[in-house]
Amino acid sequence: MTLFEHRKTDNAAAALNGRGNSAVVPALSLPPRYNEKSSLFETDDDEDSDKPSAILSCGTEKQTTGHSSGWWQGDRNMLNLIALTLLSAMTRFYKIGRANHVVWDEAHFGKFGAYYVNHTFYHDVHPPLAKMLVGFSEILTGFDGSFTFSSGQQYPENVNYTFMRIFNASFGVPLAPMAYFTMINLGCSPNAALLGGLLICFDNALCTISRFILLDAILLCFTAMSVLSLSGMYKHRKSPFSVAWWKWLFATGVSLGLVTSSKWVGFLAVALVGLYTVYELYDIFGDEESRAGSYLLHWAARAVALIAVPLAIYMLCFMVHFSLLYKSGSGDAEMDSLFQANLQGTGLKNQPLDVAYGSRVTIKSAIQGAGLLHSHVDTYPDGSKQQQITGYTHKDQNNDWILKKVHGQAYGNTTETVEFIRDGDIVRMMHERTSRNLHSHQVKAHVSKRDWEVSGYGLDETYNDPNDHWRVEVVEERFARNPERRLRTLTSHFRLRHVTQNCALRASGKPLPQWAWGQAEIVCDRRNHVDDSTLWNIESHVNPLLPPAKADELRSPFLRNFIRLNMAMARSNNALVPDQDKYDSLTSAPYEWPIMRLGLRMCGWDDSKVKFWLTGNPVVWWLSTLAVVLGPVQMLYYAVRIQRGLSDFASFGEWERHLFATGILWGGWALHYLPFYLMGRVTYLHHYFPALYFAAMYLAYIIEWNARRITGSVLSPTAKAVMSALGIAAIANFMYFAPFTFGFDYPAKELAGRKWISTWNIYDTPK
């Protein structure tokens with residue numbers, strides 16, 4: 001049995017021959033090029049399968065043997081690498097400082113970088129790594145953080161925006177070289193790998209997005225690193241625990257940590273690596289030669305390299321993020337009060353720790369976005385028509401409350417007679433500016449109809465109403481040293497339970513109508529939720545009778561801050577939904593991306609201003625779309641034939657290698673593209689770019705794979721002609737659409753000939 005040299009020989013042969021009996025494997029009737037002795041289909045079990053001169057799945061053929069072949073292969077790879085690197089640098093850096101104004105999302109990410117220069121805390125939907133790198137580029141230029149990066153604003157002379165763009169473009173340069181070596185690792189010939197690199201190097205969209213102060217070049221670079229490392233794992237899968245295997249395994253983990261720390265879309269790369277790893281472990285489990293100890297080591301190695309390492313990098317980025325942003329800033333409200341107290345400039349740290357009767361406090365909900373307990377003179381338009389109680393996210397004197405005893409009881413007002421509030425005490429809360437008491441009664445809430453309304457009622461002591469009374473229930477104390485169970489500033493999480501109705505004060509998470517200025521609804525929860533919606537904490541505390549807290553009593557643990565910030569990012573991401581009543585020319589739907597139905601104007605469209613139009617290279621985009629659509633159809637055709645006992649392959653190894661390469665390249669495209677159909681958030685053209693990276697490589701791969709099957713050799717004149725023609729066409733189209741990439745300062749109407757599709761808004765409104 002010499003036809004299939006694979007460790008699953010019997011099962012593979014049975015599958016290929018459509019028989020359950022694998023004891024005898026009849027020879028397949030194949031064309032001469034599928035001769036079993038042909039080196040074209042040597043299996044990966046051969047010791048030299050990873051050497052440059054070995055035969056690889058896309059069809060690298062041994063032209064000669066001996067030392068000269070290996071030298072030429074390595075020399076050619078180096079020449080291709082140098083060529084792709086130089087071409088990438090030329091296209092990314094050419095006239096990069098031409099536009100001296102803030103272009104598109106430079107208004108966001110340039111400003112975020114400035115926050116690191118100024119050390120002020122901010123909030124954004126993305127993890128911090130890529131933005132910290134933007135900030136690092138600004139520090140390298142000596143930027144003082146004073147420029148605001150307003151959209152369209154001209155850069156002043158003291159802001160070296162050209163260097164900042166070059167720094168970001170440097171992450172776009174390695175894309176083509178990494179694509180080249182990814183395809184080499186997957187078994188493609190240097191010709192196909194070079195074609196894949198050229199398609200990525202000369203794509204207008206990938207080039208344009210790399211030339212500004214944005215996060216996308218950094219994301220794409222780390223995505224490319226991830227798939228390159230994964231291809232290295234695949235290449236060395238037959239030599240586990242070797243030095244090369246360990247190198248690629250940990251390189252994959254590091255890459256995943258970097259890409260997920262830049263944008264959450266990086267978790268799609270994690271999914272790709274995860275699926276490959278699950279299959280690989282399943283495959284090893286079925287190996288009769290695999291021992292239990294070795295199999296457990298496979299699990300342990302992957303757990304450390306692919307889970308622990310990425311997680312450590314992800315958390316380390318947030319640790320650096322917190323350490324750099326130590327001043328109060330625009331993002332304070334997204335974090336809890338204890339975190340804010342540790343920022344410079346908040347004023348929350350120099351306040352008393354233990355809360356007493358007579359203290360003036362602000363009370364914050366544990367629900368992110370609900371804000372502080374608030375009231376104002378406006379009344380409810382229906383229901384009780386009493387004073388409104390809402391949640392408000394901004395600092396305001398209408399957030400201030402005085403904690404008092406129940407009606408008819410007094411409390412001490414000297415240092416010697418001060419009375420602290422403890423767990424289980426019943427209190428009355430008076431709104432300082434209006435003197436109304438926090439009140440609830442059996443009137444339905446205005447949005448959450450199943451709960452009771454909360455209102456402001458009475459004038460301090462004028463109305464002796466038991467519906468003004470609330471019991472303090474301390475649920476969580478951040479520091480254990482509180483034997484008397486006192487209510488504490490910042491560190492105590494507590495519930496306020498209505499004494500009469502036994503319902504808990506709750507932020508429903510729903511906005512009130514415009515008559516309440518769209519502020520958050522506050523209700524009395526009849527269903528007694530035990531989640532964060534009924535938890536509160538004292539944020540600010542003023543009481544002249546009490547000393548300020550000690551610094552070590554208000555520490556905010558990193559893990560708590562890390563979880564809190566990630567939850568805030570998730571909430572902000574979920575809020576990025578399209579406005580159905582508003583037309584936005586910048587947005588686009590996922591179905592429009594592969595066919596290039598729309599482009600994107602990156603700046604103002606004045607005739608004399610330098611303008612950029614974000615669009616792809618039609619040769620790359622349209623042909624790669626055709627490849628990712630027809631490729632699976634072709635695979636299904638061959639799979640059906642195999643199941644029917646008809647084989648088009650000389651060995652199962654050949655088919656398996658095609659499955660692996662397709663799984664990584666086509667699978668990477670699918671995982672980075674198809675999930676956008678399930679997302680409710682607003683989407684833009686640049687969301688397709690990571691998927692395009694995989695699609696371009698898959699196009700080069702599938703062309704070579706089919707050329708070999710048709711002509712019998714990837715070195716045939718026909719195969720070379722097809723790949724050369726495609727590469728030349730891609731370069732020609734790149735040059736034709738170059739004004740959109742490098743900018744033009746004349747009327748867009750002069751480029752009317754480049755409007756190939758009526759929906760392209762090059763010089764008019766899209767149809």
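Leaving aside neighbours within four places in sequence, which residues is Ile313 in contact with? Keep that in mind while we get set up.

**Before you click**

What you have open is a predicted model, where local features need pLDDT of at least 70 and side-chain atom pairs count only at pLDDT 80 or more, while totals for chains, interfaces and linings use all residues. Residues are numbered from 1 along each chain as its sequence is written, and side-chain values use heavy atoms, with hydrogens and water left out.

Colour by pLDDT, the predictor's confidence in each residue, from 0 to 100. The mean for the protein is 88, and 89% of its residues reach 70 or more. Now select residues 1–57: pLDDT stays under 50 there, and the model has 105 contacts beyond four places in sequence for this stretch. Contact means heavy atoms within 4.5 Å. Select 59–68 too, where pLDDT again stays under 50 and the model has 26 such contacts.

Switch to a cartoon view and you'll have 19 helices and 14 strands to look at. These are DSSP runs, numbered from the N terminus: helices are H or I with at least four residues, strands are E with at least two. Of the protein's 767 residues, 57% count as buried, meaning under 20% relative accessible area with a 1.4 Å probe and protein chains only (exposed is over 50%, partly exposed in between).

**Stop one: Ile313**

Select Ile313, which lies in helix H12. Ile313 counts as buried because its relative accessibility is 17%. Back to the opening question: its contacts are Gly253, Val254, Gly257, Leu258 and Ser261, leaving aside neighbours within four places in sequence.

**Stop two: the largest cavity**

A search of the whole structure finds 7 cavities of 30 Å³ or more. On a 1 Å grid over the protein atoms alone, a cavity is a set of points where a 1.4 Å probe fits but cannot get out, and lining residues have an atom within 4 Å of a point. Grid points are joined across faces, edges and corners, and a volume is the space filled by probe spheres set on the points.

The largest cavity has a volume of about 60 Å³. To find it, select Tyr122, His123, Asp124, His126, Pro127, Pro128, Lys131, Phe318, His321, Leu565 and Met569, which line it. Helix H12 (292–324) and helix H14 (558–574) each supply at least two residues of that lining.

**Stop three: Asp124**

Stay with one of those lining residues, Asp124. Asp124 sits in the loop between helix H3 (106–118) and helix H4 (129–140), and is buried, with a relative accessible area of 13%. What does its side chain meet? A polar contact of 3.0 Å joins it to the side chain of Lys131, and a polar atom of the Asp124 side chain lies 3.3 Å from the backbone nitrogen of His126. (A polar contact is a pair of N or O atoms within 3.5 Å; within protein, one must be able to donate a hydrogen and the other to accept it, and residues adjacent in sequence count only if both atoms are side-chain atoms.)

**Last stop: Leu665**

Select Leu665, in helix H16 (residues 652–673). Leu665 is buried, at a relative accessible area of 0%. Not counting residues up to four places away in sequence, Leu665 touches Leu186, Phe694, Met697, Tyr698 and Tyr701. Finally, show Ser231, which is 434 residues from Leu665 in sequence and 9.8 Å away in space, C-alpha to C-alpha.

How values were computed
1 Å grid on protein atoms, 1.4 Å probe; cavity = no way out; pocket = protein on both sides within 12 Å on 5 of 7 lines; lining within 4 Å.
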